[in-house]
Amino acid sequence: MQVRAQNIIKRFDGGPGNAALDDVSLDVGSGELVALLGPSGSGKTTLLRVIAGLEQANSGQVFFGDEDASQKSVQERRVGFVFQNYALFKHMTIAENIAFGLEVRTRGTRPPKAEIKRRVLELLDLVQLSGLDKRRPAQLSGGQRQRVALARALAVEPKVLLLDEPFGALDAKVRRDLRRWLREIHDRTGHTTIFVTHDQDEALELADRVAVLSKGKIEQIGTPDDIYDHPATPFVHDFIGEASSLPVVARDGSFWLGAERIGLPVLGGQAGQGRLFVRPQDVVFDQAGGIPAEVVAVRRTGAARRAEIAFPALGGERVEINAPAALNFQPGETLPVRFMRGTFYPG
Amino acid sequence: MSEIILDRQHAPDLGLAAKARAKIRTRRATPVTQDGPWLRAILVTLAAAFLLFFLVLPLVAVFYEALRGGIATYFAALTEPDALSAIQLTLTVAAIAVPMNVLFGIAAAWAIAKFDFKGKSFLVTLIDLPFSVSPVVAGLIYVLLFGAQGLFGPFLQAHHIQVIFAIPGIVLATVFVTFPYVARELIPLMESQGTLDEEVALTLGASGWTTFWRVTLPNIKWALLYGVLLCNARAMGEFGAVSVVSGHIRGYTNTMPLHVEILYNEYNIQAAFAVASLLALLALVTLATKTLLEIYFGENLGGKARRQ
């Protein structure tokens, strides 16, 4: 089932101030797994809730397939929604939780008891929790509860699956396992899936496409490779992966860092002032005729060593780059560096 | 044994270390937040003495006085027609007022805890109003509204509807006075539970009504029962407001508390205490049930959520 959100505007205070969603459009293809990624307050959860019908947009439409679902109630939209904190019904067993969506159907559409039971066991099997049907939610671990929550959402045979920070409340190890597991489930069941996360690793690893949101707008939408390698805006470049930026001037086919010329070609006739974004691996120490930079600090981050460098011509602006373990230097030294890559954003 | 021999040289050292450790242990046994044993003993004695004089003794006195003339007189006082009628009226009023307040209370708590709307804090204040208004004033309000000289008096008289000095008045006064109990018990619990469970139920296709019965109600049932108990105890024991609107017509508009007062004023002490002992018994049963509820379902009760 294809899902389309069109020109969604959502304001919480009702006034014309900052909108939680500011004219957002999103197309999700049938069977696609899309991540909504952004910092807190970027509107990603609001967008998910608008698609689910848990929030009413001030304007804009939501389509499921060719059908306009904007005016439909939550119940009519038939979405599977998984909440961050599992939200299992505490007073019901695991089996009763999963069966809930089927049990509450009206008499005509409700499957017979035996059928419901069969479905429940089948779903428990799918989420690898067979044999736990008689337990209560309190007797399960966080990861198990979240899997029950997913089984419960899948029980109603939803048209789309919406997950709001599904692994947000779990610890790092369980998160990684569940991530892989969710991908498998998705590939097996083929549901159109949208999930919200603030964890870029999760989004890049899991999703077919990633939509990066900031301040109620979609900054960029594309494949994980696209997003990482060709960030469309300074925000995306800054938010995804590590990056630092420098004020540069594009002039005469070259970028200039003050009076120093950076050996990177200017593409597509760009000119004027702007910022050059570089990742830590984009700038290297090079004895042979680089731009002189002062090493301000050296840090250890996991396997790599990082050097914070400053350019005398620019005052306080600093850039973080990878430092080879073999290279011996101290903070305060001035070493020449060379720019291998960079992304320029005018303005 | 061999260890002791080996360590003989260091034995004094070890003894000191053990003593030091013991000292640390005794010091740790009295945490910083706990006062000394004397102060504790004094405070406990004070509290116990207070409870004994002001709660236990009066309670014992009630039953003592009630049974002083023997069991036969006791039951005679309870089965006398006026007493029976008072008991029946009290039960009737509670049977009407408590279900009404359960409905109002759930509706109010639901609205306040699950929705945001203008004037919410004003509504919360209104719910607390019966707590702050003297019951006598509450009774007078209804006399002023529905009495013969009252606002709706002429209308009611023209239609031969008797409110004041009749059962409807007593029910109204009781409902007013006992209104906050259920709502007050539910609001903090429902607020702490939020709307997440309800949202889940909706996304799973449940209607609002189904959601209420299958998700909301099970989440609040123990707190609700607790609220009903308190509400019922107050409804049966209410004196002030009922006294103003009832008119004290024996065998007709006398509730148990009013009956006790009348008997007492007639110097029929033993009968007064006999009826009073029934009310005291009700209080004890309520207290016991409430304690049992707290022991078994403590974490699901509103009072607990409020304390968190």
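User: What makes H5(B) roughly antiparallel to H13(B)?

Analyst: In this predicted model, helix H5 (residues 81–114) of chain B and helix H13 (residues 256–265) of chain B pack at an angle of about 150 degrees, while their axes are 8 Å apart. Angles over 145 degrees count as roughly antiparallel, and therefore H5(B) is called roughly antiparallel to H13(B).

User: Which residues make that contact between H5(B) and H13(B)?

Analyst: On the side of H5(B) they are Asp82(B), Ala83(B), Ala86(B), Ile87(B) and Thr90(B), and on the side of H13(B) they are Met256(B), Pro257(B) and His259(B). Sorted by class, the contact of H5(B) with H13(B) holds 5 nonpolar, 2 polar and 1 charged residues.

User: Why is H4(A) called oblique to H5(A)?

Analyst: Helix H4 (residues 113–126) of chain A and helix H5 (residues 142–155) of chain A pack with their axes 9 Å apart and at an angle of about 135 degrees. Roughly parallel needs an angle under 35 degrees, roughly antiparallel one over 145, and roughly perpendicular one from 65 to 115; an angle of about 135 degrees is left to the remaining class, so H4(A) is oblique to H5(A). As for its hand, the crossing in which H4(A) passes H5(A) is right-handed.

User: Which residues of H4(A) and H5(A) meet, and of what class are they?

Analyst: From H4(A), the residues Arg119(A), Leu123(A) and Leu126(A) meet Ala151(A), Leu154(A) and Ala155(A) from H5(A). The contact of H4(A) with H5(A) is made up of 5 nonpolar residues and 1 charged residue, with no polar ones.

User: How do you know whether His186(A) is buried or exposed?

Analyst: His186(A), which has its place in helix H6 (residues 172–189) of chain A, has a relative accessible area of 6%. Since buried means under 20%, His186(A) is buried. Leaving aside neighbours within four places in sequence, His186(A) is in contact with Gly31(A), Glu32(A), Leu33(A), His191(A), Thr193(A) and Asp208(A).

User: What makes Val284(A) partly exposed?

Analyst: Val284(A) lies in strand E15 (residues 283–285) of chain A, and its relative accessibility is 28%. Because buried requires a value under 20% and exposed a value over 50%, Val284(A) falls in between and counts as partly exposed. Not counting residues up to four places away in sequence, Val284(A) touches Pro336(A), Val337(A), Arg338(A) and Met340(A). From Val34(A), by contrast, Val284(A) is separated by 250 residues in sequence and by 35 Å in space, C-alpha to C-alpha.

User: Why is Ala48(B) also called partly exposed?

Analyst: The relative accessible area of Ala48(B), a residue of helix H3 (residues 37–67) of chain B, is 44%. Between the C-alpha atoms of Ala48(B) and Val32(B), which are 16 residues apart along the chain, the separation is 25 Å.

User: What can be said about chain A as a whole?

Analyst: Chain A has 9 helices and 20 strands, and buried residues make up 50% of its 347 residues. Among its contacts between residues at least 6 apart in sequence, 67% join residues at least 24 apart. Its C-alpha atoms fill a box of roughly 80 × 45 × 35 Å along the principal axes.

Technical notes: Residues numbered from 1 in each chain as written. Chains lettered and ligands numbered in written order. Predicted model: local features only at pLDDT ≥ 70, side-chain atom pairs only at ≥ 80, totals over all residues. Heavy atoms only, no water. Axes fitted to C-alpha atoms, helices over the stretch in contact; angles between N-to-C directions. Helix = DSSP H or I, 4+ residues; strand = E, 2+ residues; numbered from the N terminus. Left-handed = near helix turned anticlockwise from the far one by under 90°. Contact = heavy atoms within 4.5 Å. Nonpolar A, V, L, I, M, F, W, Y, C, P; charged D, E, K, R; others polar. Buried < 20%, exposed > 50% of the residue type's maximum accessible area, 1.4 Å probe, protein only.
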